[in-house]
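You asked for a note to read alongside the structure. Please keep the sequence and the 3D view open while going through the points.

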Amino acid sequence: MRCFIGIDLGSTTTKAVVMDENLQVLGRGITNSRSNYDTAAAVSKQEALIDTRLTLFRRGLDGIPSLAGQVDGIIADLERNFRHVQFVEQLDDLQQTCIGNIKGPRYVGREKAVVEALEEIFRRLQESSGALFVAGAKRKSDFFRDLAGADFMQVGETVARDAGLPFDLILNVYDKSIIEVENRPPAGDMEGKFLRALEKGAGGQGRAEMIIKPVQAALAIPLDETYVVGTGYGRVRLPFPKEHIRSEILCHGLGAHMMFPETRTILDIGGQDTKGIQVDGAGIVENFQMNDRCAAGCGRYLGYIADEMNMGLHELGPLAMKSTKAVRINSTCTVFAGAELRDRLALGEKREDILAGLHRSIILRAMSILSRAGGVKDQFTFTGGVAKNEAAVRELRKLIQENYGDRTINISPDSIYTGALGGATFAVRAVVN
Amino acid sequence: MSSTAEIVAQCQALYEDLDFTAARAWKAAKPGRKVVGFLPVYVPLEIIHAAGCLPLGIFGGGDSLEVIHGDAYYQSYICRIPRSTIELGVTKRLDFVDGMLFPFVCDVIRNLSGIWKMMFPNVWTKFFDTPQNFDATIGGSYYMKELDELREGLEKLVGHKVTDDDLRRSITLYNENRRLVREVYAFRAAKPWQAPTSEVYLLMRAGLMMDVAEHNQMLKDYMAAADKEDRPKRDNVRVAIYGSFCEQPPLNLIKSIEMAGCYVVEDDYALINRFLMSDVPTEGNPIEGLAMTYIKASVETSCKYVPKEEDKGMYHVQRVRETGAEGVIYATPSFCDPALLDRPMICHRLTEANIPYIAFKYAENSGQMQPIREQAGTFADSIKLWS
Amino acid sequence: MSDVVKEKSMLMQKEMIARNYEAITSKHETGRKVSSTFVPGNLNELLMCFGIVNNLPEINAIQSGMRKVSGNYIQEAEKRGHSEDVCTYVKADIGQMSRGNIAPNGKPFPDPDVLLLSYTGCYTFMKWFELLREEYKCPTLMLHVPYQGDGHSTKTMRDYIVKQLKEVVIPGLEQVSGVKFDIDKLREFLRNSAKAEDDLVWCLEQGKIKPSPIDAYFGGVYYIGPIFTAFRGTTDAIEYYKALKAEVAERIRLKQGPTTPDGTPFNDQKYRLVVEGPPNWTNFREFWKMFYDEGAVVVASSYTKVGGLYDQGFRHDAENPLESLADYCLGCYTNLNLPSRVDLLTKYVEEYEADGLLTNSIKSCNSFSAGQLMMMKEVERRTGKPGAFVESDLVDPRYFSAANIKNRLESYFQMIEQKRRGSGKAA
C-alpha cells in the first residue's frame, strides 16, 4: 500500500507520522534527535512503520468475531515481543561492535580476556532481557541506549571484577560502541521480526492459530514509502530533495487543521521557539509570527528554572498549581530569571507562588506573539511541550478569556506529532491531488 | 493640615492608578473638558492649560501593568515605555484622552507618535519637536512658530481661541509651580532625611496628573508638613541620579537606593517641571517668553544638543556641586539611546571633576532589586571610605 | 565562496570610492580640508563649493562590516564604556578610532577639520558627533532638520533649515576652508545632481518589470552608492548612472534578472518582495544568497530612500539652491512619520506587484525599527499580502543568526507559495 510519511526533526526529539492515501493516520514514531539527524529521521520513520504494522494487524484482527475484546491484549503482546526481538538484535550488534572496538595499547595482551568478559556480560544481558519485556513490566525508557546502558553498568562491573579486569577497560569499549550502534538504525526485516515475535507466543493459549493468518496477511501488505516530507528546525539537514521539505510553520498549521478542522489560530511553544499561526478553513497558513531573536519565554526557560530550583521539569506545573497567589515575575529573560527567582526566594515568597508567576510570564509572552500574529480566533489549538504543563494551560485559558472572550481551546494528547502530521498530509497532497 | 504621610498616600494612589480615575473625574466634572496626554521629557504645559485642558503625564505603565499587546509592537531590543504606553491605549485605559503629545526624546518616542496616529485616528496626536539650534533668532524664532502651531492645534481641539491673556495666566501658575518644585528640591538637598526621594518623587509624579493650582497647594502643604516633622538623620551619602529622564524606574528601585545608604539630593526623574530653570516672562508675547526661556534657560539633558563641547556635561557637574552630592548614580533604562549614548561623555566630565559615579540599567518593571541594593550600597560605602 | 563578480558600474564605483579615500587620507599632502558627515541629508554639493572632501563615518562602518573587522571594533568600544544596547555604527567608528583609525586603503584617516552634523531622521547622529567632537575638538556645525511629525513638511521647517544654512553652516564652512561661498557653483553642482538623480530613478523603477532586471535591496545598495555619498553633484556620478542605466537596459533587452555575486543572472524569480529596513553588512552575501537561492528578488525597498525619495519626484533644484537642500533634508525616508512610511510601502507593494513586505529589523537603528511591526501589520491589512519579519544588525556579527533568518525566510516563501496555490490544495 502507498504510505505517506511526514518527519519532523526537532531540536530534542524527532517525530514521524505515516498516513494512507485517505489521510488516515496509520502510525506514529518518536526518537531522540541525537547529534545525527539522518539516523534520527530513519529511526523515527521506522518506529512509525512498526506502529503502522500494528495498525494493520488490528484491522485484520478486528474482523474476527471470536477475538472480540481481546485484540488490545494481542496487539500489546505482539508489540512487546517485537520490541524484545529488536532489543536482542541490537544487543548482538552492540556486542559485535564492542569486540571490534578492542584496539589500542591499553588492550595489548588482554584482548582475549576482554572479549571473554564482554561475551559473558552480553550473555547475561540477553538472559535478563526477557524480564524487561514481560507483560506489565515498567521500562523507564523506550530508547535502546537507556535500557542497555543501565544494565551494562551493573552487570559489567561484576563481570569485570570477577575476571580481574579494570572496569574502565570495558566501559571504554562500551562508550565508543554505544554511539556507533545508536547512530545505526536497527536493521530492516521488520516482517521477519514480527514473525519471530509471533512465534514467541503472542497469541497464547492456542490463539496463535487464529491470529497467524490475519497477521501474516497484514505483514504481506507492502509498505511503499510513496512520498516523504521533512520539516522541523533540522529539516535542512535531512537528505531530502528540496521539494520534499516544508517549513515547520506550514506543517504545524496543516497538522493542527487535521486534528481540529475548525482551528484558526495555533500556538506552539517548543523548546527553542514560540510560534503563533493563523490558518484558514483549509489549513493554509495566513500569517505567522515567531518569537523574535530573543528566545525569552520559550520552553527552555522552564528547563532553566527547573535547574535553578533543583526540580524536574515535569514537577514545575503541579507545584505551580498549588499556588493561591501568584507572584508577579517581570522578566522572561533566561539571563535575569535566575536572579529574579533568587531575589523572590530571599524575600520569603513561596516556591509555588513564584512558579505560578513564572508560568504566567511565559504565557504573557506567548500572548504577545499571538497578538503580533493577529490575535486569537476560534478555534484555538495549543501544541508543543508546554501544552502538557497544566499550570501554563491554566494561565493561557485565563488570558485568552480576558483578552479574546470565549474560545474553544484544543489540546491534543498527540500534539507532539502536529508537525509530522502536517508533513504527512503534505505528502499525500503532493501525490494524490 | 495634612501630614506628609497623608499627602504621599494621596500621591501614591494617583501614581498607581492606571485607570486614571482622577483625570476621568476631572473631565466628567464639566461638559466639554478635554484631556491632553504627554510623554516625557518636555512639553510646554502652559499652552495646554491655557486651552482649558488637563495636561496628563503618561509615564508608561510602571511595574504593575502586564504588557501583552504592547509587546506585539516592539522587538526585544527596544525599551519598555512605548510598550506599556501602547498597552494602556489598547486596553482602553486612555480612552478618555483627547489629545496626545509625543515630545522629542528619541526615535522610539518619535515613531510612537506615528503609531498612535494610526492606532487612534480620533485622538489629536502630535509629535512635538523642540529646536536643537539655540540661537534666539534661528532656533528661537522657529520654536515660536512651533508653539503657535501647538496653540492652533489645541484651539481646534477645544473649539475656541487661546488668548495671550489665557497664556499669561497659565504661565503665572506654572511659574509658581516651578518655584515651589525648586523649593522642594532645595529643601530635600538641605535635609534629605526630612524629604526622602521616594516621597518627593511621588509628589512630583502626582503633580503631572492634576491641575497645576491644586498641585501648587499640595507642594506648599508638603513643605510645611515635612519641615515640621522630625525624622532621624542617618549616616547616608548624598548622591545625584541622572539618566532617568524618560522611562521611570519602579518606586522600589528608588527605595532600594535609599535603603542602601544613599540620600538622593538631585535627580532628573520626571524632569518636565524643572526643565525650564527660570520664570517665564509674563509680560510681552507669552509665546516668545516660553520660547526664549527654553532657548536660554533649560536644563542640559540627553535629548538636547549641547552646542559647545566644553559645556557638555557641565550642567551635571554644576548641579552636583550645588546640591552637595558626593557621587552620581547614572541609572538608565535598558535600550535608552539618549542616556546610554551620553553616558561616556557625562561620565568623562564627572571623572575630570573628581566626582565618583556608578552606572546601571533598569526597566520600569525591573523586579530584581538585590543587585541595585548591592551596587548602591557598595558605592555608598566606598564614598564614606574615601571621604 | 568564489570571488564576487562585479559589473562595470560596480567597478566604476569602486574606483570612485578608492579615489575619495585617497583624497581623504592625503589631506596633509594636498592641504584639502576634510569633513565628516552623515548619509541622510548630506550636503555634498555644498561641501564641494568649499573644496572640502566628504568623509562618511556610516560608510566607513559599512566597509568595516563587509571586511569583517567591525566585530572587533565594536567590542573595543564596549570595553571603553559604550553600552551593548546602542548603535553599532557608532561603536564600530569609535572602536576603529581607538585602533589607529586605518582607512580601507590602508592609510590612517586624518582628523576631520569639521563635523557637519546634518541631523536628519536619526537621533543617534546627534550623539555620534558629540562623541566625535569630544575626541577631535574640531568645529561642529549642527544642522537641525525637523521631523515630519504630521506627515508633511512646512514652510516653517524649510525656513528654519535655510536660515541655519545661511547663518550657521555656510559661514562655518567658509571659516574652515577659507573659501568664499559661491552660489553659482552650488547651482552647477545641483544641476549635476539632478541629472544623475533622473537616471537613478529610471533604474529603480525598472523593478516593475518581470523578471526584474534589478534587485532593489542587495543590488540597490550599489545603485544608490554615489548619489547617497561623496559623489552627488559630480560629473563622475553622472557617468556612473549612465553606465548603470545602460546595464539595466541591456538586461531588460535580454529579459535577464540582476547579476548575483555568483556571476549568474538571476532569472528564475519566484517571489517579488518589497523590503523595509537597512541590510546587514557583516553577512551581506550570505543574506543575499538566502533570497536568490529561494527565487526571491527585491523589487523595491525603503533603504534605497534613506538618502532621498527621488522616485517620489524630488530633484535638487538649481533655481532654488538652499531651499532645495532644505527640502532634500526634510524628505529623507527616516524623517518621514510612520503613516507616510506605510503609505509609501503600500504603494510599492502595489505598484511593483510584489508578493509582500519583508522587514529586516535592525537592532541598532530605532529610527527604522521602532514601529516596524505596526507598519507591517498596516501594509498587510491594506494590500492583503502577507508580511514577514527577520532581525539582524548593521555591523554587529554577534547579532546575525543565519539559521534563524533562513528558517523564517523559507517559511515565508512557502507560505506565499501555498497561498498562491489557493485554498483546498494546501500542497
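Predicted model: local features only at pLDDT ≥ 70, side-chain atom pairs only at ≥ 80, totals over all residues.

1. For chain A the mean pLDDT is 87, with 95% of its residues at 70 or more. Within chain A, confidence is highest in strand 9 (residues 409-410), at 97, and lowest in helix 11 (residues 334-346), where the mean is 74.

2. How is chain C divided into domains? The domain assignment gives domain 1 (8-182) and domain 2 (186-421), and the C-alpha centres of these two domains of chain C are 23 Å apart. In the contact between them, 60 residues of domain 1 of chain C meet 54 residues of domain 2 of chain C. The area buried between the two domains of chain C is about 4,600 Å², and carbon and sulfur atoms give 62% of that area. Of the area that domain 1 of chain C buries against domain 2, C:Met16, C:Glu45 and C:Arg158 supply 14%, which is more than any other three residues supply.

3. Four salt bridges are counted between domain 1 and domain 2 of chain C, and C:Arg398 forms a salt bridge with C:Glu78, with the closest N and O atoms 2.9 Å apart. There are also 26 residue pairs in polar contact between these two domains of chain C, both residues of each pair being at pLDDT 80 or more. The elements of domain 1 of chain C that give two or more residues to the side touching domain 2 include helix 1 (8-25), helix 5 (70-79) and helix 8 (155-177) of chain C. Helix 1 of chain C makes the largest contribution to that side, with nine residues. By class, the side of domain 1 of chain C that touches domain 2 holds 31 nonpolar, 18 polar and 11 charged residues.

4. Turning to the interface of chain B and chain C, 56 residues of chain B are in contact with 58 residues of chain C. The area buried between chain B and chain C is about 4,800 Å², of which carbon and sulfur atoms give 58%. Seven salt bridges are found across this interface of chain B and chain C, and B:Asp342 forms a salt bridge with C:Lys127, the closest N and O atoms being 3.1 Å apart. Between chain B and chain C, 33 residue pairs are in polar contact, with both residues at pLDDT 80 or more. On the chain B side, the elements that give two or more residues are helix 5 (107-119), strand 4 (124-128), helix 6 (136-158) and helix 13 (337-352) of chain B. That side of chain B, sorted by class, has 26 nonpolar, 14 polar and 16 charged residues.

5. What does the contact of chain A with chain C look like in numbers? It takes 30 residues from chain A and 30 residues from chain C, and the two chains bury about 2,500 Å² between them, 51% of it on carbon and sulfur atoms. One salt bridge is found across the interface of chain A and chain C; the side chains of C:Glu294 and A:Lys242 meet in a salt bridge at 3.5 Å, N to O. Nine residue pairs are in polar contact between chain A and chain C, both at pLDDT 80 or more.

6. Some local details could be checked in the 3D view. Most residues other than glycine have a negative phi, and most peptide bonds are trans. A cis peptide bond, with omega about 10°, joins B:Pro40 and B:Val41, and B:Val41 lies in the loop between strand 1 (35-38) and helix 3 (45-50) of chain B. Another cis peptide bond joins C:Lys210 and C:Pro211, with omega about -5°, and C:Pro211 is in the loop between helix 9 (183-205) and helix 10 (220-228) of chain C. C:Lys255 has a positive phi, near 55°, and is placed in the loop between helix 11 (235-253) and strand 5 (271-276) of chain C.

Key:
Residues numbered from 1 in each chain as written. Chains lettered and ligands numbered in written order. Heavy atoms only, no water. Domains from an automatic or database assignment. Contact = heavy atoms within 4.5 Å. Buried area = accessible area lost by both parts, 1.4 Å probe. Polar contact = N/O pair within 3.5 Å; in protein donor to acceptor, adjacent residues only side chain to side chain. Helix = DSSP H or I, 4+ residues; strand = E, 2+ residues; numbered from the N terminus. Nonpolar A, V, L, I, M, F, W, Y, C, P; charged D, E, K, R; others polar. pLDDT = per-residue confidence, 0-100.
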